[in-house]
Amino acid sequence: MASPQVAPSLDQEKLDLFLGRFLGDLGAMMNGPAVLLGDRLGYWRCLAESGPIDSAGLARRTGTAERAAREWLAAQAAAGYLDYDPRDGRYSLPPEQAAVLADDASPVYLGGFFEIAASAWRDEPRITESYRHGRGLGWHERDGCLFCGTERFFATSYRHLLAQQWLPALDGILPRLERGARIADIGCGHGASTLIMARAFPQSRFEGFDYHAASVAAATEAAARAGLADRAHFTVARAKEVPGQGLYDLVCLFDCLHDMGDPVGAAAHLRGLLRPDGMLMVVEPRAGDRVEDNLNPVGRVYYAASALICTPASMAQEVGAALGAQAGPARLRAVLGEAGFGHVRLAAETPFNMVIEARP
């Protein structure tokens, strides 16, 4: 479809390219709530299990209205998420799409991120106001969808990489975890990272800390359901107030250092929690050190999340350093160095994360 002709001062070819890109964004934006709807109604899982199915079959299996299911199926076919066979009017979910949308045990599952996006839309008026007054918007002030979505999104990488690759990449920590060590998980949220480690290393003891009381309550309930309450405990505490001077073999920060208002002060306090031979593990979103290094699909997601969530969260706290989710390794090394860590190294990388080991 050709775009309307414009004034000679505009490059028509560039305009057409941008309009095409923007139209794709509009389609993705409008379909986002429908993707989340499919998750909550069990549509994606049903499609993954059933094979080719029509709207009547989907509605019957999920206990939903056929006419609504019919329109939802057409929307997902138009988005390229489902395949449609006009010969029999049935839709199917290819295995590649199923791995991303329907199987939360898959290493590439991303369905949880749509809850994060939904929370950003719901909070938009408050985010906009925070930009005006500059006082930020704290995590505890956000829509509850953010907390569940964050857990689901990050749990995918934690489940498949934390015990298998990230912890083994830290110098000498694995034997200590297997023998029995003491670990603090700072900013633990709903406890996904804490419980994954507790399950993998039954001889060790894990303590999760988060300033958000509702998240700590959710983590405590999750530990009980998983039968891990004997070795995974959760406490309400800010990073700069976590007790336990010199008690921990390992202190972990999973995707949260950049959210802190005073990351230097927090890291300095956490350094004091370590045993003489202890270490800090910092997991952060993968990023380059310059803006131009991050102008890519992953950076697009992380910059948007940072602009809407991470940076306002930091600005709402003391100091308000606002590192952002794309701080980059050089800035993170500088923060840890200023906090008194003399040895800082990049231990592992994935397309979405970087793992930093820091020692005093």
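Predicted model: local features only at pLDDT ≥ 70, side-chain atom pairs only at ≥ 80, totals over all residues.

Colleague: Okay. Which domains does the chain get?

Modeller: The domain assignment gives domain 1 (30–102) and domain 2 (111–359). Their C-alpha centres lie 34 Å apart.

Colleague: How many residues from each domain take part in the contact?

Modeller: Domain 1 puts in 6 residues and domain 2 puts in 7 residues. The area buried between domain 1 and domain 2 is about 520 Å². Carbon and sulfur atoms give 55% of that area.

Colleague: And on the domain 1 side, which three residues supply more of the buried area than any other three?

Modeller: L36, D39 and R40, which supply 62% of what domain 1 buries against domain 2.

Colleague: How many salt bridges are there between the two domains?

Modeller: The count is 2 salt bridges. As for R40, it forms a salt bridge with E115, and the closest N and O atoms there are 3.2 Å apart.

Colleague: Now the sheet. What's the strand order?

Modeller: The order is β5-β4-β3-β6-β7-β9-β8, an open sheet of 7 strands with mixed pairing. Its edge strands are β5 (232–236) and β8 (343–349), each pairing on one side only. From one strand to the next, the twist averages 20 degrees.

Colleague: What does mixed pairing refer to?

Modeller: Strands of a sheet pair through backbone hydrogen bonds, either parallel or antiparallel. For an antiparallel example, take β7 (residues 274–285) and β9 (residues 353–359), which are joined by 6 bridges.

Colleague: Which residue in β9 is the bridge partner of M281?

Modeller: That's E357.

Colleague: Which helix lies across β4 and β5?

Modeller: Helix α10 (residues 213–225) lies across β4 (205–210) and β5. Relative to β5, α10 runs at about 165 degrees.

Colleague: What about α11, which of its residues are buried?

Modeller: P263, V264, G265, A266, A267 and L270 are buried in α11. The buried residues of α11 pack against β3 (182–186), β6, β7 and α13.

Colleague: Switching to the backbone: what's the phi of D255?

Modeller: D255 has a positive phi of about 50 degrees, although it is not a glycine. Most residues other than glycine have a negative phi.

Colleague: Where is D255, and is it buried or exposed?

Modeller: D255 is in the loop between β6 (248–254) and α11 (263–271). D255 counts as buried because its relative accessibility is 7%, and the cut-off for buried is under 20%.

Colleague: And what about the phi of A322?

Modeller: A322 has a positive phi too, near 50 degrees, and is a residue other than glycine. You'll find A322 in the loop between α12 (297–315) and α13 (329–338).

Colleague: Why does A322 count as partly exposed?

Modeller: Because the relative accessibility of A322 is 24%, and partly exposed covers values between under 20% for buried and over 50% for exposed.

Colleague: Last one: where is R60, and is it buried or exposed?

Modeller: R60 is in helix α3 (residues 55–62). With 64% relative accessibility, R60 counts as exposed.

Colleague: What separates the C-alpha atoms of R60 and V344?

Modeller: They are separated by 56 Å, and the two residues are 284 residues apart along the chain.

Notes
Residues numbered from 1 in each chain as written. Heavy atoms only, no water. Helix = DSSP H or I, 4+ residues; strand = E, 2+ residues; numbered from the N terminus. Buried < 20%, exposed > 50% of the residue type's maximum accessible area, 1.4 Å probe, protein only. Pairing = 2+ DSSP bridges. Axes fitted to C-alpha atoms, helices over the stretch in contact; angles between N-to-C directions. Contact = heavy atoms within 4.5 Å. Domains from an automatic or database assignment. Buried area = accessible area lost by both parts, 1.4 Å probe. Salt bridge = Lys/Arg side-chain N within 4 Å of Asp/Glu carboxyl O.
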